[in-house]
Amino acid sequence: MILKFLRLLKILAVATKYGLDEIAVTSLHAPRTARIMSTLFFWRRITSPRAIRLRQALEELGPIFIKFGQVLSTRRDLMPQDIADELSLLQDRVPPFDSDLAIAQITEALGAHPEQLFGSFDRVPVASASIAQVHFATLKNGTEVAVKVLRPGMRKTIDEDLALMDMAAGLIEKVWAESRRLKPREVVAEFDKYLHDELDLMREAANASQLRRNFAGSNLLMVPEMYWDYCSSSVIVMERMRGIPVSQIDRLAAEGVDLKKLSSDGVEIFFTQVFRDGFFHADMHPGNILVSVEKETFGRYIALDFGIVGTLNDFDKDYLSQNFLAFFRRDYKRVAEAHIESGWAPRDTRVDELESAVRACCEPIFDRPLKDISFGQILLRLFQTSRRFNVEVQPQLVLLQKTLLNIEGLGRQLDPELDLWKTAKPYLERWMSEQVGWQGMVERLRAEAPRYAHIFPQLPRLLHQTLERHAHSGMATQNGHPVGNADLMAALLVEQRRTNRLLAFLGAVVVLAGSLVAGYVVLHGG
């Protein structure tokens, strides 16, 4: 409790030091409140621009606040330009920690000094982020690598901040009854999980390996290879990737990169991760995305920093795909039905009323380029609608919402004329066809074939055992009276005919499934 109180005091002290109260009051256009605050803090002299002060405050408060600033920096449609420009520096200009600490961490984690582990090691970090910093090195065989080292003392700082957030969420639930529908404590718990996952660099390496495997052979996205012999929970070593940061649009254009294609490729990568794989990079701010200008991989995205990933189960993917497609087709009735069927809206919700409310939120944005619409505004209106209909916020989709906002910010910078709907709709329709059409059925039968091969040979024996038990127990009486041998024989013949028909039907199903799978294998080469 004392630690929480001390951290709260530090947050208030930092906010006061950098005049964040003055920024808030000015934004609210409350001159009287501004005069009161000025009187209270008469000793304070504020000279730096507001954007610089906000960035410095977030840096001093630590990783959670830095990540918050990173998200804000991508929303230039919602943030003033000076603040968005300054917060973008949080992507790759967070002050590094002492290189001696990094070397000590590497030595402890990998059991040897960097001079023994690597052919060369650059003491000066090439990038420093909220959770870790990166040094370039080469392996003994000359392979160029990037060494990522966790910041010392991170777990303690994050635990303190998350404890304050949880306390604040609990207080909000107590004093504001309507907030329970928004599940603030569950959202904090979800954020807690992903932040602690990010502290385990071995988990990050595994995430990168999974994403690299998902996009093996892709001409859209590149993911660095992990060198497992040099990986631990606090240090990981990966392939060095060369590219231009996606936010440096002038450099990309000068190299001849097609920005419009790059923008649409980003949308396709997002939907591929979400709907095909159910596994997506959930920290896709511009600081984590490069673009290759090498001859063999020209124009491909390069993903970095895999500490936060999101996963979706089949139910989530099905629900989201139905909603996205219904939005793109302007089928607002289906959107309303999907919310009710999923249980996210109460069962007694009137479909026509929810349909009308969703239409009012979404209809104004269609047939307009990305520069003229804002998901932030749409989400705000949808949240207002959800309050009216008691629709519950789903904590497992918080990361997806954040990633979608990142994609919007990225797409807006690359191609303001991007039509998100026309880009995404064909992909979603193709994906839905693969899921519910013949191809989807064959793929599912193929995946389940090993289980069926184990179960089907047992069916005759299981049916025979069931029939015998039925004959010696339930068949011995009828309406509470004993039956004779003739009656028992007749009943057994009836059951035998039923069993034969069932086995014949099951055999036909097996033959049909086997034919479909075999045909698919022949057509697609296994």
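Biologist: Which residues touch the most other members in the largest nonpolar core?
Modeller: L221, V246, L262, F271, F275 and Y301 do, in a core of 81 residues. Bear in mind that this is a predicted model.

Biologist: What gives that core its largest share?
Modeller: Helix α13, residues 259-277, with eight residues.

Biologist: What about another core, apart from that one?
Modeller: There is another of 17 residues. V147, Y227, V235 and V237 are among them.

Biologist: Back up a bit. How many helices and strands does the chain have?
Modeller: It has 22 helices and 13 strands.

Biologist: And how much of the chain is buried?
Modeller: Buried residues are 44% of the 526 in the chain. The accessible surface is about 27,900 Å², and carbon and sulfur atoms hold 57% of that.

Biologist: What share of the contacts join residues at least 24 apart?
Modeller: 70%, counting contacts between residues at least 6 apart in sequence.

Biologist: Now rings. How many aromatic pairs are there in the whole structure?
Modeller: The search finds four. F118 and Y230 make a stacked one, with 5.9 Å between centres and 25° between planes.

Biologist: Where do those two sit in the chain?
Modeller: In distant parts, 112 residues apart. F118 is in the loop between α8 and β1, and Y230 is in the loop between β5 and β6.

Biologist: Is F118 buried or exposed?
Modeller: F118 is buried, at 1% relative accessible area. Y230 is partly exposed, at 21%. The cut-off for buried is under 20%, so Y230 does not count as buried.

Biologist: Which residues form a cluster with aromatic rings?
Modeller: F118, F121 and Y230 form one aromatic cluster.

Biologist: You listed F271 and F275 for the core. What do they form together?
Modeller: A stacked aromatic pair, 5.8 Å centre to centre with 5° between the planes. They are four residues apart in helix α13, so about one helical turn separates them.

Biologist: Why would residues four places apart point the same way?
Modeller: Because an α-helix has 3.6 residues a turn.

Biologist: How buried is that pair?
Modeller: F271 is buried at 3%. F275 is buried at 0%.

Biologist: Stay on α13. What is S263 in contact with?
Modeller: Leaving aside neighbours within four places in sequence, S263 contacts Y301, G411, L414, D415 and L418. S263 is in helix α13 and is buried, at 3% relative accessible area.

Biologist: Is K260 buried or exposed?
Modeller: K260 counts as exposed, at 51% relative accessibility. D415 counts as buried, at 7%.

Biologist: How many salt bridges are there in the whole structure?
Modeller: The search finds 18. One joins the side chains of E239 and R212, at 3.7 Å from N to O. E239 is in strand β6 and R212 in helix α11, 27 residues apart.

Biologist: Which residues of α15 are buried?
Modeller: Y332, V335, A336, A338, H339 and I340. Their cover includes α14 and α16.

Biologist: Last one. Which residues make the nonpolar surface patch of about 590 Å²?
Modeller: I2, F5, L6, L8, L9 and L12. L12 is in helix α1 and counts as partly exposed, at 49% relative accessibility.

How values were computed:
Residues numbered from 1 in each chain as written. Predicted model: local features only at pLDDT ≥ 70, side-chain atom pairs only at ≥ 80, totals over all residues. Heavy atoms only, no water. Patch = residues over 30% accessible without salt bridge, like charges linked within 9 Å, V, L, I, M, F, W, Y side chains within 5 Å. Areas by Shrake-Rupley, 256 points an atom, 1.4 Å probe, with all protein chains shown as cover. Salt bridge = Lys/Arg side-chain N within 4 Å of Asp/Glu carboxyl O. Buried < 20%, exposed > 50% of the residue type's maximum accessible area, 1.4 Å probe, protein only. Contact = heavy atoms within 4.5 Å. Core = buried A, V, L, I, M, F, W, Y, C linked by side-chain atoms within 4.5 Å. Phe/Tyr/Trp six-rings, centres within 6.5 Å; stacked < 30°, edge-to-face > 60°.
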